[in-house]
Amino acid sequence: MIIECTNCHSKYQYDEDRFERKPSKKIKCAKCQTVFEIHNPAFAAPESKPKVDIESTASRHDDTQHRRMPKPQETTEQSPLPTGTDKAPIVPQLPQGKRISLAIIDGPDAGSVYRIEKPRVTIGRANADLTLNDTEASRQHAAIEVRDTIYLLEDLASTNGTFIDGRRITEATELPDKAEFVIGGSTLMFIVTDES
């Protein structure tokens, strides 16, 4: 499901399994640090009423209501959800006119720079797009997904975790330009520059 910060309106992909059967959860926005509450669509589903005449219901309200209550099997099979009624689905794609790089600033590979040239890049010790000579990193440790101007870092169920500002991430988290994150014994910096 897609969740949106109530303050800065940043959007994030959120795995519904992380609700752990609770009706709602408090989330901290990675961008503006606002804490906001999100509701579990599984708890909203039983309360749904039979659909009334669409003409009499505001189309935007009907759309949000419907999106808040997906059937569990649909969620796993669907492609990314639309962020609003007037926008296309969020799909991984590189932004025009921008160069995205990862600089390894600490660890065994310190000094290396890797240019991101595809929308989803895996980072890890082996079989990854960016391979680290780091014994503390898992084989497939983390991934960066680029959705035009939104950059997400996701931990791929690694043993030692992925950290931003000393906090272990448990879900896809938005990365701002010059953000530093830790994978195993390596510190990487995410860099976005204008294409010259």
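In this predicted model, I123 stands opposite L130 in strand 8. Local features are given where pLDDT is at least 70, side-chain atom pairs count only at pLDDT 80 or more, and totals for chains, interfaces and linings use all residues. Residues are numbered from 1 along each chain as its sequence is written, and side-chain values use heavy atoms, with hydrogens and water left out. Strands (E, at least two residues) are DSSP runs, numbered from the N terminus.

- Two strands pair if DSSP finds at least two bridges between them.
- Strand 7 runs parallel to strand 8 (residues 130-131), and two bridges join them. Besides the I123 and L130 position, G124 has T131 in strand 8 as its bridge partner.
- Strand 7 is antiparallel to strand 9, with four bridges between them. Here V121 stands opposite I144 in strand 9.
- Four of the five residues of strand 7 are buried, so the strand is mostly covered. Buried means under 20% relative accessible area, exposed means over 50%, and partly exposed lies in between (1.4 Å probe, protein chains only).

- A six-strand open sheet has the order 6-5-15-14-11-12, and its pairing is antiparallel.
- Its edge strands, each pairing on one side only, are strand 6 (113-116) and strand 12 (167-168).
- Two bridges join strand 11 (residues 162-164) to strand 12 in the antiparallel sense. I164 stands opposite R167 in strand 12.

**Nonpolar cores**

- In soluble globular proteins, nonpolar side chains tend to be buried together.
- A nonpolar core is a set of buried Ala, Val, Leu, Ile, Met, Phe, Trp, Tyr and Cys residues joined through side-chain atoms within 4.5 Å.
- The largest nonpolar core has 23 residues, and the members that touch the most others are L102, I144, L175, F181 and F190.
- At least two residues of this core come from each of strand 5 (98-106), strand 7 (120-124), strand 9 (142-147), strand 10, strand 14 (179-183) and strand 15.
- Leaving out residues up to four places away in sequence, L102 touches several residues, among them V113, I123, I144, F181 and F190. A contact means heavy atoms within 4.5 Å.

**The aromatic pair**

- Rings of Phe, Tyr and Trp (its six-membered ring) pair if their centres lie within 6.5 Å; planes under 30 degrees apart count as stacked, over 60 as edge-to-face and the rest as tilted. By this rule there is one aromatic pair.
- The pair is tilted because the planes of the Y151 and F190 rings are at 50°, with the ring centres 5.1 Å apart.
- Y151 belongs to strand 10 (residues 150-155) and F190 to strand 15 (residues 186-194), so the pair links distant parts of the chain, 39 residues apart.
- Y151 and F190 are both buried.

- R147 lies in strand 9 and is buried, with a relative accessible area of 10%.
- The side chains of R147 and E145 are joined by a polar contact of 2.8 Å. A polar contact is a pair of N or O atoms within 3.5 Å; within protein, one must be able to donate a hydrogen and the other to accept it, and residues adjacent in sequence count only if both atoms are side-chain atoms.
- E16 lies in the loop between strand 2 (11-13) and strand 3 (24-28), and E16 is buried at a relative accessible area of 18%.
- E16 and M1 are 15 residues apart along the chain, and their C-alpha atoms are separated by 6.7 Å.
- C5 is buried, at 0% relative accessibility, whereas C8 is partly exposed, at 31%.
- The count of disulfides is zero, a disulfide being a pair of cysteine sulfur atoms within 2.5 Å.

**V35 in strand 4**

- V35 lies in strand 4 (residues 35-39).
- V35 touches K26, I27 and K28, not counting residues up to four places away in sequence.
- The C-alpha atoms of V35 and T6 are separated by 8.7 Å, and the two residues are 29 residues apart along the chain.
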